[in-house]
Amino acid sequence: MNISKTLRGRAATAVSLTAVLALGATACGDDGSGSGTEGSGKGEITFWDNNGGPRTAIWTEIIKDFEKKNPDIKVKYVPIPIADVQSKYDTAIAGGGLPDVGGVGTAYLANMVSQEALEPLNKRLEGSPLKGRLVESMVESVRSAAGRGDDMYTMPTSANNGALWYRTDLFEQAGLKAPTTWPKFYEAADKLTDAKSNKFGYTIRGGAGSIAQALDAIYGQTGMTEFWDGEKTTLNDPKNVAALEKYAALFKRTTPAADVNNDFTKMVAQWDTGTIGMLSHNLGSYQDHLKALGEDKFAGIPAPIGEGGTRVQVSNPVDGLGLFRSGKNKNAAWKFIEFAASHESNSKWNESAGAIPANTEAAKDPWISESEPTALAAKALTDGSTKIVDLPYYLPDWNNISKADNEPEFQKLLLGKITAKAFLDKMADELNAAQKEWKELGNG
């Protein structure tokens with residue numbers, strides 16, 4: 001059953017690819033390539049922001065800077081909500097209407113590459129001022145996620161990192177130390193909860209985006225560092241099952257009942273305005289917390305350390321900018337990508353988002369060390385103290401499996417309708433089938 005669902009997803013990809021090729025044959029002449037044109041380097045280009053809303057203000061500022069420096073190019077900005085971005089791209093690939101440039105994260109990069117929507121950037125980068133000025137680990141992440149050897153299909157712009165945000169004022173009142181280990185995390189979740197007074201120790205993500213947070217908690221507790229054991233995933237290892245049982249048991253006991261439907265926006269807003277002790281979210285919500293609480297009432301630390309003394313976390317997607325094959329003015333679109341990934345723009349964007357810059361010069365700017373959560377995250381990722389479990393972003397089916405297919409199942413788990421073992425077994429079966437199919441196609 002799980003295998004057939006994966007195959008249906010692959011069939012849908014094949015249909016989308018066929019539609020794209022057919023449209024390309026109509027729009028681009030006899031060769032049927034749908035490859036677009038280099039263009040004059042002037043005129044209008046369309047840019048899709050893959051996190052429209054939260055990042056609209058900073059992109060508006062960067063676009064204004066770009067147009068001032070390049071008065072012959074106009075950028076049409078289209079904000080796409082992060083929850084809708086993959087479906088928007090898939091629809092446009094199948095039916096036409098792709099932008100010239102778009103935000104593309106590694107979580108859904110392989111799906112877009114498999115549909116031949118993006119143009120490889122290797123040759124353009126060779127002649128660019130950006131050559132040698134990109135964080136190598138992020139470059140490697142986007143290459144690996146694309147699944148096509150050394151080809152790079154998106155220009156890395158930022159990496160995020162998970163953080164455990166906690167209310168320092170509430171911890172101090174309760175006589176608790178910072179939740180730097182998983183035992184301390186669970187102790188704080190219990191001690192800070194007084195449900196009758198609407199006070200809770202933790203807010204758990206039950207809506208969109210819940211799977212990544214749950215995987216972080218699972219591998220963080222067990223200390224397992226490999227996602228694959230030969231041909232099979234370690235996801236449903238008995239140790240991981242036990243860790244998920246403990247984590248999911250927090251729901252409604254030390255968390256609000258509304259958490260079952262909360263995506264990151266609702267979860268962050270709830271934490272910022274309420275009396276909840278801890279929140280797991282990435283660095284991107286730092287400015288929200290600062291505005292709502294002030295710097296004296298909260299702090300953010302990397303993932304808790306497991307009982308074995310090692311911090312383990314799952315890999316976070318690297319965000320970037322993709323150049324679309326179908327674009328009619330690729331020269332102008334590339335100029336925009338170069339500008340957005342340059343030192344000044346990349347620093348400005350990441351400071352606003354609270355993320356880690358991909359531009360090596362931007363990564364040295366003073367604001368990094370001035371923002372303690374960002375500085376701690378950057379240190380944790382570079383000093384060897386953190387072990388990373390590499391998630392299989394290279395699988396074209398990864399985003400569907402880790403989102404649409406299993407987020408409703410995670411809600412069933414929280415509500416007690418299925419067991420942690422059943423949840424992990426289902427997801428593991430789908431991942432094993434996707435991995436097998438990917439290798440049968442000559443990859444890996």
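**Reading a helix crossing and a pocket**

Modeller: In this predicted model, helices α2 and α13 cross in a right-handed sense.

Colleague: At what angle do the axes of α2 and α13 cross?

Modeller: The axes of α2, residues 56-69, and α13, residues 330-340, cross at roughly 120° and come within 11 Å. Angles of 65 to 115 degrees count as roughly perpendicular and those over 145 as roughly antiparallel. The pair α2 and α13 is therefore oblique.

Colleague: Which residues of α2 and α13 meet?

Modeller: From α2 come Trp59, Ile62, Ile63, Asp65, Phe66 and Lys69, and they meet Ala332, Lys335, Phe336, Phe339 and Ala340 of α13. By class, that contact has eight nonpolar and three charged residues, with no polar ones.

Colleague: Next, the second largest pocket. What is its volume?

Modeller: The second largest pocket has a volume of about 900 Å³. Its lining has 37 residues, and the closest to the centre are Ser137, Ser141, Ser315, Ile388 and Asp390.

Colleague: Which element supplies the largest share of that lining?

Modeller: Helix α6 does, with six residues. At least two residues each come from α6 (136-146), β13 (356-357), α16 (372-382) and β14 (386-389).

Colleague: How many residues of the lining are nonpolar, polar and charged?

Modeller: The lining of the second largest pocket has 20 nonpolar residues, 13 polar and four charged.

Key: Residues are numbered from 1 along each chain as its sequence is written. This is a predicted model: local features need pLDDT of at least 70, side-chain atom pairs count only at pLDDT 80 or more; totals for chains, interfaces and linings use all residues. Side-chain values use heavy atoms; hydrogens and water are left out. On a 1 Å grid over the protein atoms alone, a cavity is a set of points where a 1.4 Å probe fits but cannot get out, and a pocket is an open set with protein on both sides within 12 Å along at least five of seven lines; lining residues have an atom within 4 Å of a point. Grid points are joined across faces, edges and corners, and a volume is the space filled by probe spheres set on the points. Helices (H or I, at least four residues) and strands (E, at least two) are DSSP runs, numbered from the N terminus. Ala, Val, Leu, Ile, Met, Phe, Trp, Tyr, Cys and Pro count as nonpolar, Asp, Glu, Lys and Arg as charged, and the others, Gly among them, as polar. Axes are lines fitted to C-alpha atoms, for helices over the stretch in contact, and angles run from 0 to 180 degrees between N-to-C directions. Angles under 35 degrees count as roughly parallel, over 145 as roughly antiparallel, 65 to 115 as roughly perpendicular and the rest as oblique. A crossing is left-handed if the near helix is turned anticlockwise from the far one by less than a right angle, and right-handed if clockwise. Contact means heavy atoms within 4.5 Å.
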